[in-house]
Amino acid sequence: MTENIQKNEFEDLIKSGKPVLADFYAIWCSPCRMLAPTIEEIHSEYSNCFETVKINVDENPELTERYGISGIPALLFFKDGREVFRMSGVQTKERIISAISEKMGESLV
């Protein structure tokens, strides 16, 4: 999992062809810390299907603004270089994977 990815790296990654799950978070955010183990688990189980990146909103204000992140944690999923869905708040692994499966057009569970 790529942590604290920078703007140029992120733009290149979402255009690379492989789907990307982006977790916008902050170190001081309690819900973000609650979601972190779920994101790590998703990364370890599904890294062959899609990339997972963590974007610190405090250190990446350009990306945060560009994607209109107003609340964290925020999960954005990109396919073919464009955002196909987003979720905010603490989510279950099952809900996240179900949404990704739907957008990818294949079952990941």
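Predicted model: local features only at pLDDT ≥ 70, side-chain atom pairs only at ≥ 80, totals over all residues.
## A hairpin to start with

β4 and β5 make a hairpin with two residues between them, and D80 in the turn has a positive phi of about 55°. The strands, β4 (74–79) and β5 (residues 82–88), pair in the antiparallel sense over six bridges. Here, strands are DSSP runs of E with at least two residues, helices are runs of H or I with at least four, and both are numbered from the N terminus; two strands pair if DSSP finds at least two bridges between them.

Residues are numbered from 1 along each chain as its sequence is written, and side-chain values use heavy atoms, leaving out hydrogens and water.

## What's inside

The largest nonpolar core has 20 residues. A core like this is a set of buried Ala, Val, Leu, Ile, Met, Phe, Trp, Tyr and Cys residues joined through side-chain atoms within 4.5 Å, and buried means under 20% relative accessible area (1.4 Å probe, protein chains only). Among the residues with the most contacts inside this core are F10, F24 and V53. β2 gives the largest share, four residues.

## Two helices crossing

Helices α2 (residues 30–46) and α4 (residues 93–104) pack at an angle of about 45°, with axes 10 Å apart. Where do they meet? L35, I39 and I42 are among the α2 residues that meet K93, I96 and I97 in α4 (contact means heavy atoms within 4.5 Å).

Methods: Buried < 20%, exposed > 50% of the residue type's maximum accessible area, 1.4 Å probe, protein only. Axes fitted to C-alpha atoms, helices over the stretch in contact; angles between N-to-C directions.
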